[in-house]
Amino acid sequence: PAGTGPTVPQSFPELYSLSTEELEKLMDNDAALVEYFESRDDIKRLQEERQKVVERNEQLATENLSLKPQLEEKQQELIDLYAELESKRNELNDLQQQQQALADHYAPHNILARLKIAASEVEDETEAIAENFLNGDIVIDEFLKTYIPKKTLCHSRRAKEEKMERMGI
């Protein structure tokens, strides 16, 4: 399994057969001590396993480095797609706001309010025309030419207003 290597012995029974003098020589001579341990089969296996791990790590590092351009390309694609997503999200928000504005503008209660305002404005205009005629500011031909179409428009708007109110708008 990964993460386990050869076991390192807890004791070295062959050292028990050495005399105190031999053990002291071994302890005083670093080269002899190293040679002793390096000659052991379990230490050799441990070094071989270590070398295999180093080689595998180097191989994995090389493979990872070879994948770096692909990773960077995919990262850039992700960044580009995210930017496109943000752009589309902003576009959607703008369109939703436009749709809401149009829905509000053409909502029946808003149409009725604008119709009432327009009817009042045209009614005010007809009253001004009538006043001008009664004051002698305009002649009868001009009065008839302007008053009748405006009064007709005013009645038409008032009729539409009443119809919408009967409909419960």
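Modeller: Here is a short talk through the chain, from its overall form down to single residues.

Modeller: This is a predicted model, in which local features need pLDDT of at least 70 and side-chain atom pairs count only at pLDDT 80 or more, while totals for chains, interfaces and linings use all residues. Residues are numbered from 1 along each chain as its sequence is written, and side-chain values use heavy atoms, with hydrogens and water left out.

Colleague: Okay, how many helices and strands are there in the chain?

Modeller: The chain has 5 helices and 0 strands, where helices (H or I, at least four residues) and strands (E, at least two) are DSSP runs numbered from the N terminus. Read from the N terminus on, the elements run α-α-α-α-α. The radius of gyration of the chain is 50 Å, well over the 15 Å that the globule rule gives for 169 residues, so the chain is more spread out than a compact globule. That radius is taken over C-alpha atoms, and the globule rule is 2.2 Å times the number of residues to the power 0.38.

Colleague: What box do the C-alpha atoms fill?

Modeller: Taken along the principal axes, the box is roughly 145 × 35 × 25 Å. Pro13 itself lies in the segment before helix H1 (20-28).

Colleague: And how much of the chain is buried?

Modeller: Of its 169 residues, 12% count as buried, and buried means under 20% relative accessible area, exposed means over 50%, and partly exposed is in between (1.4 Å probe, protein chains only). The chain exposes about 13,800 Å², with carbon and sulfur atoms supplying 55% of that area; accessible areas come from the Shrake-Rupley method with a 1.4 Å probe, and for residues only the protein chains shown count as cover.

Colleague: Let's zoom in on H5. What does H5 reach from its first C-alpha to its last?

Modeller: Helix H5 covers residues 140-166, which is 27 residues, and reaches 38 Å, close to the 39 Å expected at 1.5 Å a residue. The expected span is 1.5 Å times one less than the number of residues in the helix. After H5 comes Gly168, whose phi is positive, near 90 degrees.

Colleague: Which residues are buried in H5, and what do they pack against?

Modeller: Phe143, Cys154, Glu161 and Met164 are buried in H5, and the buried residues of this helix pack against helix H4 (108-134).

Colleague: How many salt bridges does the structure hold?

Modeller: The structure holds 9, and one of them joins the side chains of Lys116 and Glu165 (2.9 Å, N to O). Lys116 lies in helix H4 and Glu165 in helix H5, so this pair ties together parts that are 49 residues apart in sequence. Lys116 counts as partly exposed at 33% relative accessibility, and Glu165 counts as partly exposed at 38%.

Colleague: Changing topic, where is Arg40 found, and what does Arg40 touch?

Modeller: Arg40 is found in the loop between helix H2 (30-38) and H3, and at 12% relative accessibility Arg40 counts as buried. Not counting residues up to four places away in sequence, Arg40 touches Pro9, Phe12 and Glu14, where contact means heavy atoms within 4.5 Å. The side chain of Arg40 also meets that of Asp42 in a salt bridge (2.8 Å, N to O), and Asp42 is buried too.

Definitions and conventions: A salt bridge is a side-chain nitrogen of Lys or Arg within 4 Å of a carboxyl oxygen of Asp or Glu.
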